[in-house]
Amino acid sequence: LSECIESTALEFEAMAFEKGIEFSTDIEENIHIMGNADHLQRMTETLIENGMGHTEKGNEVQVHLKKDGKKVYLWIQNQGEEIPEKDREKIFEKFYRLPDADDCHYGLGLAIAQTIADWHHTKIRVVCKNGWNRFQMEFLNIG
């Protein structure tokens with residue numbers, strides 16, 4: 001999982017630079033879980049892309065991967081307008097878009113990301129606090 005998340009995050013450094021967004025990673029090495037690397041990469045891409053799309057110039061997007069005993073924690077967070085409480089579960093529904101969303105998205109990305117998380121026996125939880133939106137997951141560590 002560590003290699004998958006690291007390589008996926010690297011793909012976004014140029015985008016962050018072009019948009020004037022600070023992009024950082026804190027990825028612990030040698031974390032392993034049972035899963036499909038291609039699907040986990042797609043889920044991570046979606047969450048990072050979502051964070052980049054909702055972060056203004058001068059703000060930050062962060063990717064974290066940590067293990068604690070038998071648990072592995074992945075979270076991607078961005079500075080920006082907090083997702084309203086009433087929308088935090090709805091954003092994972094197919095075709096759901098926040099009222100102020102631009103027209104170039106169809107509301108499928110987060111639904112697909114949640115489906116991939118489901119396949120890996122986890123859920124994507126959204127926590128919004130102090131101007132940060134955090135999408136977090138908890139996996140079982142097998143390494």
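At what angle do helix α1 and α3 pack, and how many Å apart are their axes? To find out, select residues 2–10 for α1 and residues 37–53 for α3 in this predicted model.

**Stop one: α1 and α3**

The two helices pack at about 40 degrees, and their axes are 9 Å apart. Now show the side chains: α1 brings Cys-4, Ile-5, Thr-8 and Ala-9 to the contact, and α3 brings Ala-37, Leu-40, Gln-41, Thr-44, Glu-45 and Ile-48. By class, six of these residues are nonpolar, three polar and one charged.

**Stop two: α3 and α4**

On the α3 side, select His-39, Leu-40, Arg-42, Met-43, Thr-46, Leu-47 and Asn-50; on the α4 side, Gly-109, Leu-110, Ile-112, Ala-113, Ile-116, Ala-117 and Trp-119. Nine residues of this contact are nonpolar, four are polar and one is charged.

Move to strand β4, residues 125–129, and strand β5, residues 132–140. The strands run antiparallel and are joined by five bridges. Two residues lie between them, and in this hairpin Asn-130 has a positive phi near 50 degrees.

Which residues of β4 are on its covered face, and which on its uncovered one? Val-126 and Cys-128 are on the covered face, while Arg-125, Val-127 and Lys-129 are on the uncovered face. Finish at Cys-128, which stands opposite Asn-133 of β5.

Note on methods. Residues numbered from 1 in each chain as written. Predicted model: local features only at pLDDT ≥ 70, side-chain atom pairs only at ≥ 80, totals over all residues. Heavy atoms only, no water. Buried < 20%, exposed > 50% of the residue type's maximum accessible area, 1.4 Å probe, protein only. Helix = DSSP H or I, 4+ residues; strand = E, 2+ residues; numbered from the N terminus. Pairing = 2+ DSSP bridges. Axes fitted to C-alpha atoms, helices over the stretch in contact; angles between N-to-C directions. Contact = heavy atoms within 4.5 Å. Nonpolar A, V, L, I, M, F, W, Y, C, P; charged D, E, K, R; others polar.
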